[in-house]
Amino acid sequence: GYNTSPLVAFLLTMFNLRLGWWFPNPAKDSWNARGLNSSFRYLLTELLGVADEKRAYLNISDGGHFENLAIYELIRRRCRLIIACDAECDEKLQFGGLGNLIRICETDFGAIIDLDVKSIRLGSDGRSLAHCAVGIIKYSSGEIGRLIYLKASMTGDEGVGIAQYRSSHPSFPHEATANQFFTEAQFESYRMLGLHMVRSSFKGNVPGDDPLMIAEKMADVLTPAGCASEAFLKHSAALEQIWEKFRASPSLLSFMDELISLGSKLVPPSISPDELCIGLELIQLMEDVFLDLRLDDFWDHPDNRGWAILFMRWARSPRFRMIWNKTHRTFGIRFEYFCHARLGLNRDQPIVRV
């Protein structure tokens, strides 16, 4: 395989600790053969570690010698949706198999796998927040695929039987693969954990749903939070205070309607002092949200969708744009670039005096 050592191959063959099986090569006419005509020659190739894919018979073993998740060939075929279960022995959840897959797929195929497994990593209590993560595959052809990645993990919502087995076997579900003789309780615990992982990850979906739509929905639901919930609550409270000022002043109701709707084509002749003040508060709130929630990096994050839609509506308001044009130089330069790129707000070049 990928890590073949001639010395190790020699010793394993000599002691008959062989991990593969000889099968006819589907690219050859050997499918019609009943058996190996010269088995000693193939035994010799295995002994010397020189078996390849060009012979009439192939030495087939599991994919762990090269890529442990069995995704590599699916990436080669540019599949639009891949579902993979990572059950390798990885007690500290370091994602060695996944990291290897991402590296070799980008090197060999130019395919970039963007997958955030933050919610699966071990927390301070030794548990994960989720069993599953959904990522995007960007193929070199420009096509986009989805990867639904399930990882053997414990979140604390498992059944009593699984929890009891874990309490007496702390390394579960990552016990050493050297143990090939599972007890009934051990086998049943792994089976029930796998069933629980699938049911909890795919909940809310029903048979017959479009697989790609399922992946899109799971991506929105399972994406790890971009920031602490306290930041959302703080800015929501600030927005509520601004709306209260709009409601308390009848002269601002037309401006409020303009902000909430899709904007107005009528450009007001001027901005009143009250509109200017409330507009500055709106822009300041936008900058605070931009900095706290890192909208330049997480604009497309599912949790930030409400703020993104709200800001885009504000940016269509003629009054808001007039206030922005008058005052945008009083805000941060990164925020100014962001509003120009994401919201289409003007950003005039500064006047340089010599």
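This is a predicted model: local features need pLDDT of at least 70, side-chain atom pairs count only at pLDDT 80 or more; totals for chains, interfaces and linings use all residues.
Buried means under 20% relative accessible area, exposed means over 50%, and partly exposed lies in between, using a 1.4 Å probe and protein chains only. Residues are numbered from 1 along each chain as its sequence is written, and side-chain values use heavy atoms, with hydrogens and water left out.

**The chain as a whole**

- The chain has 14 helices and six strands; helices (H or I, at least four residues) and strands (E, at least two) are DSSP runs, numbered from the N terminus.
- The radius of gyration of the chain is 29 Å, while a compact globule of 354 residues would have one near 20 Å. This radius is taken over C-alpha atoms, and the globule rule is 2.2 Å times the number of residues to the power 0.38.
- Along the principal axes, the C-alpha atoms of the chain fill a box of roughly 95 × 55 × 45 Å.
- Of the 354 residues of the chain, 37% count as buried.
- Among contacts in the chain with a separation of 6 or more, 64% come from residues 24 or more positions apart; contact means heavy atoms within 4.5 Å.

- Four strands form an open sheet in the order 3-6-5-4, with mixed pairing; two strands pair if DSSP finds at least two bridges between them.
- Strand 3 (81-86) and strand 4 (112-114) are at the edges with a single partner strand each, so one side of each is left without a neighbour in the sheet.
- On average, neighbouring strands of this sheet are turned by 25 degrees against each other, direction ignored.
- Strand 3 and strand 6 (residues 144-151) run parallel and are joined by six bridges. In strand 6, Y149 is the bridge partner of A84, and I148 is the bridge partner of I83.
- Strand 5 and strand 6 pair in the antiparallel sense over seven bridges, with V134 opposite I148 in strand 6.
- The hairpin of strand 5 and strand 6 has five residues between the strands, and G142 takes a positive phi near 95 degrees there.
- Strand 4 and strand 5 (residues 132-138) run antiparallel and are joined by three bridges; I112 stands opposite K138 in strand 5.
- In a regular strand the side chains alternate between the two faces of the sheet. Strand 3 has I82, A84 and D86 on a covered face, and L81, I83 and C85 on an uncovered one.

**Two helix pairs**

- The axes of helix 8 (residues 229-248) and helix 10 (residues 273-292) come within 11 Å and cross at roughly 170 degrees, which makes helix 8 roughly antiparallel to helix 10. Axes are lines fitted to C-alpha atoms, for helices over the stretch in contact, and angles run from 0 to 180 degrees between N-to-C directions.
- Angles under 35 degrees count as roughly parallel, over 145 as roughly antiparallel, 65 to 115 as roughly perpendicular and the rest as oblique.
- Residues of helix 8 including A231, H235, L239 and F246 meet residues of helix 10 including I278, L282, L285 and V289.
- This contact of helix 8 with helix 10 has nine nonpolar, one polar and five charged residues. Ala, Val, Leu, Ile, Met, Phe, Trp, Tyr, Cys and Pro count as nonpolar, Asp, Glu, Lys and Arg as charged, and the others, Gly among them, as polar.
- Helix 9 (residues 253-260) and helix 13 (residues 318-327) have axes that come within 8 Å and cross at roughly 95 degrees; helix 9 and helix 13 are therefore roughly perpendicular to each other.
- S254, F255, E258 and L259 in helix 9 meet P318, R319, F320 and I323 in helix 13, a contact with five nonpolar, one polar and two charged residues.

**Two residues to look up**

- T13 sits in helix 1 (residues 6-14) and counts as buried at 12% relative accessibility. Leaving aside neighbours within four places in sequence, T13 is in contact with R18, L43, E46 and L47.
- I102 belongs to helix 4 (residues 96-109) and counts as partly exposed at 23% relative accessibility. I102 and L115 are 13 residues apart in sequence, and their C-alpha atoms are 9.4 Å apart in space.
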